[in-house]
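Open the model in your viewer and keep the selection tool at hand. The stops below go one after another.

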Amino acid sequence: MSRLHRPVLAAVAALAALAAAGCTAGPIGASTPLSSGQSFVGSSYESTVFRPGSRPEAPGVSGTTVTGSRLSLASYRGDVVVLNFWGSWCAPCRDEAPALGTLSGKLAPEGVRFVGVDIRDEPDSALAFMSTFRISYPSISDPGDLIALQFRATDPPSAIPSTIIIDRSGRIAARIIGPVSYRTLRTLLTPIVAEHA
Amino acid sequence: MTTADPDARIEGPQRTDPQYARPALAPPPAAPGTEDAFADTVDPAAERPGGGGPAGPRLGVTGWLRWLWRQLTSMRTALILLFLLALASVPGSVLPQEGIDPAAVSQYYAAHPGLAPILDKLSLFSVFAAPWFAAVYLLLFASLAGCVLPRTIRLAGSARQKPPRAPRNLARLPFSASMSSAEAPADALRSAERLLRSRRFRVQTGDGWVSAEKGYLREVGNLLFHIALLALLFSVAMGGIFGYKANRLLVVGQSFANTPTDLDVFHPGRLVGPASLQPFEISLQNFRARYVTSGPQLDQPITYQAPLSYRSSPGAPLRHYVLSVNHPLVVDSVSVYLIGHGYAPEFTITDGTGHVRWQGPVPFIPVDQTSLTSEGVIKVPDARPAQLGFAGVFLPTAVDVHGQLQSAFPAALFPRVSLVAYAGNLGENGPQAQSVYDLDTRQMHQLPVPPKPLAPGQSVRLPDGYGTLKFTGYTQWASLAITYDPGQLPALISGIVALAGLILSFLVRRRRVFVRAEPAADGRAEVVLGGLARSDAAGGFEAEFTELTARFNELHAGSRVPSTVLPQQERSEQ
């Protein structure tokens, strides 16, 4: 092996360098074309349900709503909270909006509060969206997506739309990635609503 | 030894030095001949007759497996795999890659509708994630590991080994010299031993002889190179498993958080989940671009600067950084590069009912990098009585060339925006995602809007009571590439170590020097020195041997001039 090595080692080194260069495609100059499209999921959704014993504590979410008032989830303790991450630019969000709007009205007497988190959006288009779908529940304006970041330790929403259900004790009970349907959300909520704080 | 056939590593069993081949098992031979003085390192298994060929009649399952393993771990296979790896990365730089530039891949699809699906089936748009790439990679890994580990064990054995006994007839070695010493044989040998030890030779003595060896670092360097190569492959793999790449387009004044929902393009490694992203947030304060304004370099960018403010995690202190090309921001081991920029014209769109349905900047994408002529789409899904859509062109420095409006300069000296308006259904009312950069006009009709380009502050009234659009101004955006590669530093270190090992194995020669002293008639000693070097391509051993002989001669004043015998055999390999 050894006598053979010397002439061959240089070739190996050169090739290794080549291969390594090929593997690590680092950023180049400013002329690189940019990203295309937003990252959100299509028609498929996935839901995660946490059993009462294994529910992570939800972070303390608060902020300014698109209409300019203050909102803090801490004041909703004792109620079930449906936290929906959306944007007026996101087509699947438009798909689920009617179901969310209807359910928010229907479940209000049972102590279910809906809160939106409007991300990467402008206030005018957010308000236009809410008026189109007659959404009456408040939405926190979060153009920089900081609320999703607060959920990173527990269960971060990985796409838009995402919905997180927080139980009466302020713990995360379920998470849905992708647009929800009336039935899905209703089915997920029923046992959580029946729990006592 | 001048043979060029790479397989002729072993001339024959008589050239095998058992000490090297099986250091831990075989004791030194009692009386080796000169041929045994310095044989090559030999894999004892490789030369077993019939062991290397597939034709042996008694080759069972284990025999075949052993044969396969030996083939895999051979130098030749490793080289072929390395060539294949290099070859396999070629399409990665020739064809657009999904992970680096998804837009270019879609363009390729549009340009080659027949070929693209076939290339996609062969994973040629994501070469470095392709199964065949992984196969080559893993085989190379196994091959190197299978080669390096036994060698390491063998080196550890040979490093503890003492030099072999001196051959009987030193005059038959490639280099030899004889002289008569004024001292007794035992004293002459003792001074020879002292001399060799002072030159950091490893020395063994016996009855009437001294044997010394030097240059173990050659093999150490060789092994270092191989191990570093393994570490390099491992580091790159680590980067692929635990690293991620993402892109984000950020308009001046906006901010984003490093979380999957807030990234435009996100390519996580195999074991990267949403929770493993470093929780930093970045906001773009401004964007400055300077261009050459005259001469042949006109339009060329001089500098791009993107002042940022950022927090490494929520609640962490706010810091500032000026991002520029090739000066990434490193936050929490994640590198954020500036990879692109463009304009974002700002619009206020009022619908037919008099409500403002859109207000803000819309990123337009450059279609021409030198003039920054940019195209973009504005969607107003909540406009009444119908949804509105606009396809526009932004010209930073608009000039009229033969009735055709063009951009003459990348800076916004005379910004104009030209729009085509549509009303109808944007086609967003389904669960399917839609790109914010595409306008689906299949269910829309074009509105007859005067084609006059708009200057900042100007507005256009849409016909039939659809509303108005005002071009209020413009801002800029920067696109950022976010890369986390935990294998980068280990890969760099491995590369440096591999290079160091390579240099070491090139520069260091392994050589042996033997001394025999016999009592001569007058009570003096007849001293014979012999030496040989393996792979003395760089030369130098002859000089070293001559110098050693001269030095030894000085120590034995009164002895006659040494007769240095030049190489009898050509030991050089190249």
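Select chain A and start with its burial: of its 197 residues, 47% are buried. Keep in mind throughout that this is a predicted model.

Now colour chain A by secondary structure. Followed from the N terminus, the order of elements is α-β-β-β-β-α-β-α-β-α-β-β-α.

Next, look at how chain A is held in contact with itself. Among its contacts with a separation of 6 or more, 73% are between residues 24 or more positions apart.

The average for chain A is 78, and 76% of the residues score at least 70. Select residues 1–44 of chain A: here the pLDDT is below 50, although the stretch has 115 contacts in the model beyond near neighbours in sequence.

Move to chain B and select two helices, α8 (residues 185–198) and α11 (residues 541–555). How are α8(B) and α11(B) oriented to each other? They pack at an angle of about 135°, and their axes are 11 Å apart. Angles over 145 degrees would count as roughly antiparallel and 65 to 115 as roughly perpendicular, so α8(B) and α11(B) are oblique to each other. Their crossing is right-handed.

Finally, show the side chains where these helices meet. From α8(B) come B:Ser191, B:Ala192 and B:Leu195, and from α11(B) come B:Arg551, B:Phe552 and B:Leu555. Sorted by class, this contact has four nonpolar residues, one polar and one charged.

Methods
Residues are numbered from 1 along each chain as its sequence is written. Chains are lettered from A and ligands numbered from 1 in the order in which they are written. This is a predicted model: local features need pLDDT of at least 70, side-chain atom pairs count only at pLDDT 80 or more; totals for chains, interfaces and linings use all residues. Helices (H or I, at least four residues) and strands (E, at least two) are DSSP runs, numbered from the N terminus. A residue is buried if 20 or more other C-beta atoms lie within 10 Å of its own, exposed if 12 or fewer, and partly exposed in between; C-beta atoms are placed from the backbone. Two residues are in contact if their C-beta atoms, placed from the backbone, lie within 7 Å. Axes are lines fitted to C-alpha atoms, for helices over the stretch in contact, and angles run from 0 to 180 degrees between N-to-C directions. Angles under 35 degrees count as roughly parallel, over 145 as roughly antiparallel, 65 to 115 as roughly perpendicular and the rest as oblique. A crossing is left-handed if the near helix is turned anticlockwise from the far one by less than a right angle, and right-handed if clockwise. Ala, Val, Leu, Ile, Met, Phe, Trp, Tyr, Cys and Pro count as nonpolar, Asp, Glu, Lys and Arg as charged, and the others, Gly among them, as polar. pLDDT is the predictor's confidence in each residue, from 0 to 100.
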